[in-house]
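Hello,

I am passing a structure on to you, and I hope you enjoy looking through it. Please have a look first, and then read my notes below.

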Amino acid sequence: MTDLDFMAEAYLEAQKARAAGEVPVGAVIVKDGVVIARGYNHPIGKHDPTAHAEIVALRAAAQLLGNYRLPGCELFVTLEPCMMCAGAMMHARLARVVYGASDPKTGVCGSVLNLFEQEKLNHHTALDAGVMADQCSQMLKDFFASRRLALAEKKKFALNALNIASADTLLPSEDLK
């Protein structure tokens with residue numbers, strides 16, 4: 001299988017997150033050319049700020065292998081990892097991280113900074129970026145556009161309800177006639 005095949009698997013995980021109303025990010029961990037763990041974002045549903053796709057997949061791989069170190073493993077994720085996830089990846093000693101869409105707000109694999117390039121850190125993971133970047137980015141854009149639209153509709157409904165309630169209080173009551 002190729003990087004594209006593994007990213008397509010991560011993309012399927014991201015679709016699960018989207019279906020659950022979570023930010024659509026998915027991840028898979030590969031060892032010796034085989035997917036050994038999967039994860040998708042669900043910090044909202046789990047009430048867990050660490051339930052990012054990468055962390056979920058890292059936990060599953062560590063349990064499967066019986067070791068918190070994952071040497072020789074590669075992680076494929078649809079969005080550039082954040083600082084928390086990158087730190088966990090370094091502690092796991094991943095051989096390589098491959099991501100799809102860049103994250104200009106919180107990405108630490110080159111967008112905001114590159115944590116993996118820090119020479120003072122004791123483990124250096126290889127990085128590859130941009131695999132299925134357009135598809136991964138579009139899924140995120142569509143998700144956030146639909147959330148903004150839903151929020152705008154909710155505000156519009158609330159404003160209409162407020163206007164109706166206000167209009168009712170301004171009209172003379174039948175009892176007062």
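Strands here are DSSP runs (E, at least two residues), numbered from the N terminus. This is a predicted model, where local features need pLDDT of at least 70, side-chain atom pairs count only at pLDDT 80 or more, and totals for chains, interfaces and linings use all residues. Residues are numbered from 1 along each chain as its sequence is written, and side-chain values use heavy atoms, with hydrogens and water left out.

Strand 1 (residues 26–31) and strand 2 run antiparallel, joined by six bridges; two strands pair if DSSP finds at least two bridges between them. Ile-29 has Ala-37 in strand 2 as its bridge partner.

Which order do the strands of the sheet take? The order is 2-1-3-4-5, in an open sheet of five strands with mixed pairing. Strand 2 (34–40) and strand 5 are the edge strands, each pairing on one side only. Strand 3 (residues 73–79) and strand 4 run parallel, with five bridges between them, and Glu-74 has Arg-96 in strand 4 as its bridge partner.

Finally, the loop between strand 4 (96–101) and strand 5 (126–129) holds Leu-113. Leu-113 counts as partly exposed because its relative accessibility is 32%, and partly exposed lies between buried (under 20% relative accessible area) and exposed (over 50%), with a 1.4 Å probe and protein chains only.

Best wishes

Conventions:
Helix = DSSP H or I, 4+ residues; strand = E, 2+ residues; numbered from the N terminus.
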